[in-house]
Amino acid sequence: MLYEAGLANTGTHPGHGGVDSRWDVLQAQLAQARSQIPVDAVRATAELHWLERGERYTDSGPDYALIWTLL
């Protein structure tokens, strides 16, 4: 929401590294697990469905839904 309000830009996202030390620590800890495909992994595709709401965000979530289909 800060981005939409003009109070943040894409460069302030912690995913760029060096923005949030806790994010950086978690990324380093997860790097090993993310580099390997789990033995029980399954492939799926997602289809985006926009919900008819007047707002982008509500207490029940965003204005879209993802429908997953296993391949």
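Helix H1 carries a kink of about 25°, centred on Ala28, where the bend at a residue is the angle between axes fitted to the seven residues ending there and the seven starting there. The model is a predicted one, in which local features need pLDDT of at least 70, side-chain atom pairs count only at pLDDT 80 or more, and totals for chains, interfaces and linings use all residues. Residues are numbered from 1 along each chain as its sequence is written, and side-chain values use heavy atoms, with hydrogens and water left out.

H1 runs over residues 21–34, and its 14 residues reach 19 Å from the first C-alpha to the last, close to the 20 Å expected at 1.5 Å a residue; the expected span is 1.5 Å times one less than the number of residues. Helices (H or I, at least four residues) and strands (E, at least two) are DSSP runs, numbered from the N terminus. The number of buried residues among the 14 of H1 is zero, so the helix lies largely in the open.

A search of the whole structure finds one aromatic pair (ring centres of Phe, Tyr and Trp, the last by its six-membered ring, within 6.5 Å; planes under 30 degrees apart are stacked, over 60 edge-to-face, the rest tilted). Trp50 and Tyr64 form this edge-to-face pair, at 6.0 Å centre to centre and with 75° between the planes. Because Trp50 lies in strand E1 (residues 44–50) and Tyr64 in strand E4 (residues 64–70), the pair ties together parts that are 14 residues apart in sequence.

The accessibility classes below are buried (under 20% relative accessible area), exposed (over 50%) and partly exposed (in between), with a 1.4 Å probe and protein chains only.

| Residue | Relative accessible area | Class |
|---|---|---|
| Trp50 | 57% | exposed |
| Tyr64 | 38% | partly exposed |
| Gly11 | 42% | partly exposed |
| Asp63 | 15% | buried |

Asp63 is found in the loop between strand E3 (61–62) and E4, and, not counting residues up to four places away in sequence, Asp63 touches His49, Trp50, Leu51, Arg53, Glu55 and Arg56, contact meaning heavy atoms within 4.5 Å. Gly11 lies in the segment before H1 and, with that same exclusion of residues up to four places away in sequence, touches His16 and Val19.

The chain averages a pLDDT of 88, and 100% of the residues score at least 70, pLDDT being the predictor's confidence in each residue, from 0 to 100. Confidence in the chain is lowest in strand E2 (residues 57–58), at a mean of 80, and highest in E1, at 96.
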